[in-house]
Amino acid sequence: KGTVGPGFTIKLASKPTKAGKIKLVVSDKSSQHNFHLSGPGVNVKTSVGQTGTKTFTVTLKKGTYKFVCDPHKSFMKGSFKVS
């Protein structure tokens, strides 16, 4: 589960560590932000301006993944490694 907002917060409830298919449920609580996950073979995001819940099914591969709020990527960010 991922969340963005309220305020200037972005996080994952738990960070995946193993390769394979996952369901990512993002709760976007602010129209000023988005949740953007990218890494090997993955590039999914919610829209700035919209709020609500969005579900993505992604297949994680070995490597590093980053999640950011695109408008505030210098300080609203995180990452995790999959092995």
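Pro-6 lies in the loop between β1 and β2, where strands are DSSP runs (E, at least two residues; helices are H or I, at least four), numbered from the N terminus. The peptide bond leading from Gly-5 into Pro-6 is cis, with omega near -5 degrees. Most residues other than glycine have a negative phi, and most peptide bonds are trans.

Before you read on, a word about the model: it is predicted, local features need pLDDT of at least 70, side-chain atom pairs count only at pLDDT 80 or more, and totals for chains, interfaces and linings use all residues. Residues are numbered from 1 along each chain as its sequence is written, and side-chain values use heavy atoms, with hydrogens and water left out.

- β1 and β2 pair in the antiparallel sense over 3 bridges, and Gly-2 stands opposite Leu-12 in β2.

**The antiparallel sheet**

- Another open sheet of 4 strands runs in the order β5-β4-β7-β8, with antiparallel pairing.
- Its edge strands are β5 and β8, each of which pairs on one side only.
- On average, neighbouring strands here are turned by 15 degrees against each other, direction ignored.
- Strand β4 (residues 36-39) pairs with β7 in the antiparallel sense over 3 bridges, and Ser-38 stands opposite Lys-66 in β7.
- β7 also pairs with β8 in the antiparallel sense, over 6 bridges; Val-68 has Lys-77 in β8 as its bridge partner.

**The nonpolar core**

- Which residues touch the most other members of the largest nonpolar core? They are Phe-35, Leu-37 and Phe-80, in a core of 18 residues.
- At least two core residues come from each of β2 (10-12), β3 (20-28), β5 (42-45), β6 (52-60), β7 (63-68) and β8 (77-82).
- β6 gives the most, with 3 residues.
- A nonpolar core is a set of buried Ala, Val, Leu, Ile, Met, Phe, Trp, Tyr and Cys residues joined through side-chain atoms within 4.5 Å. Buried means under 20% relative accessible area, exposed over 50%, and partly exposed in between (1.4 Å probe, protein chains only).
- In soluble globular proteins, nonpolar side chains tend to be buried together.

**Aromatic pairs**

- How many aromatic pairs are there? The count comes to 3, where rings of Phe, Tyr and Trp (its six-membered ring) pair if their centres lie within 6.5 Å; planes under 30 degrees apart count as stacked, over 60 as edge-to-face and the rest as tilted.
- Phe-8 and Phe-75 form a tilted pair, 5.7 Å centre to centre with 50 degrees between the planes.
- Phe-8 sits in the loop between β1 (2-4) and β2, and Phe-75 in the loop between β7 and β8, so this pair ties together parts that are 67 residues apart in sequence.
- Tyr-65 and Phe-80 have ring centres 5.4 Å apart and planes at 10 degrees, so they are stacked.
- Tyr-65 in strand β7 and Phe-80 in strand β8 are 15 residues apart, and their pair links distant parts of the chain. Tyr-65 and Phe-80 are both buried.

- Asn-34 is found in the loop between β3 and β4. Is Asn-34 buried or exposed? Asn-34 is buried, with a relative accessible area of 2%.
- The side chain of Asn-34 reaches the backbone oxygen of Thr-46 at 3.3 Å, and a polar atom of that side chain lies 2.7 Å from the backbone nitrogen of Asp-70.
- Val-4 belongs to strand β1 and is buried, with a relative accessible area of 0%.
- Val-4 and Ser-27 are 23 residues apart in sequence, and their C-alpha atoms are 6.5 Å apart in space.

Terms used
Two strands pair if DSSP finds at least two bridges between them. Axes are lines fitted to C-alpha atoms, for helices over the stretch in contact, and angles run from 0 to 180 degrees between N-to-C directions. A polar contact is a pair of N or O atoms within 3.5 Å; within protein, one must be able to donate a hydrogen and the other to accept it, and residues adjacent in sequence count only if both atoms are side-chain atoms.
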